[in-house]
Amino acid sequence: MDGTLRIDTSREALDRDMIHAFLAEQAYWSRGIPRATVECAIEGSLCFGGYLDGRQIAFARVVTDGATFGYLADVFVLPEHRGQGHATTLMAAVMAHPQLQGLRRFSLATGDAHALYAGFGFTAPARPQTLMEKLDPDVYTRTPGRP
C-alpha cells in the first residue's frame, strides 16, 4: 500500500457498480440517476478511473470531440479517500491527456470545487452572455434510464 493514485483510461477497468452507486446515491448533481444512463454516459465519454491498491476510488469523464471542445463531468473521489491529493492527481491526468490538448473550450459545472478547478486554469465564463443551457435537474426522477 503505497498511497499513489494510478490513473487508467480503460473503460474495461472501471468499477461501474461503484460509479453508479456514488452518482445515484451521493453526488448532489446526479441523485437518482438510472444505471442505464450512467452506462450510456461512460460509453460516450473519455473516462478516467483512479485506483488505489487495485481498487477504484475516483472517477472523471470528459465529453469531447477531441479537437475543439470538452466538457468535464462526474468528477469525484470517494469520501473516505478525500483530503489526500487524489482529486489533484486525477485532474492532472485529465488535463495532460493527449486527446484534450488544444481545445478551444473546456468547460465544467461545479457547486463546490471551484478552488480545485481554478488550479488547472478554469475560470468563470469570460463572456457569460454568450452561454446558454437547458437544465432539467429533476429528469432522473421523472424519466427512466436509457436502454
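Two strands are taken as paired if DSSP finds at least two bridges between them. Helices (H or I, at least four residues) and strands (E, at least two) are DSSP runs, numbered from the N terminus.

The model is predicted: local features need pLDDT of at least 70, side-chain atom pairs count only at pLDDT 80 or more, and totals for chains, interfaces and linings use all residues. Residues are numbered from 1 along each chain as its sequence is written, and side-chain values use heavy atoms, with hydrogens and water left out.

1. Strand E1 (residues 6-8) runs antiparallel to E2, joined by three bridges. Ile7 has Gly50 of E2 as its bridge partner.

2. E2 also pairs with strand E3 (residues 55-64), antiparallel and over seven bridges. Leu52 lies opposite Arg55 of E3. The two strands make a hairpin with two residues between them, and Asp53 in the turn has a positive phi of about 50°.

3. Seven of the seven residues of E2 (residues 46-52) are buried, so the strand is largely enclosed by the rest of the structure. Buried means under 20% relative accessible area, exposed over 50%, and partly exposed in between (1.4 Å probe, protein chains only). Leu46, Phe48, Gly50 and Leu52 point one way, while Cys47, Gly49 and Tyr51 point the other way; all are buried.

4. Phe69, in strand E4 (residues 69-77), counts as partly exposed because its relative accessibility is 35%.
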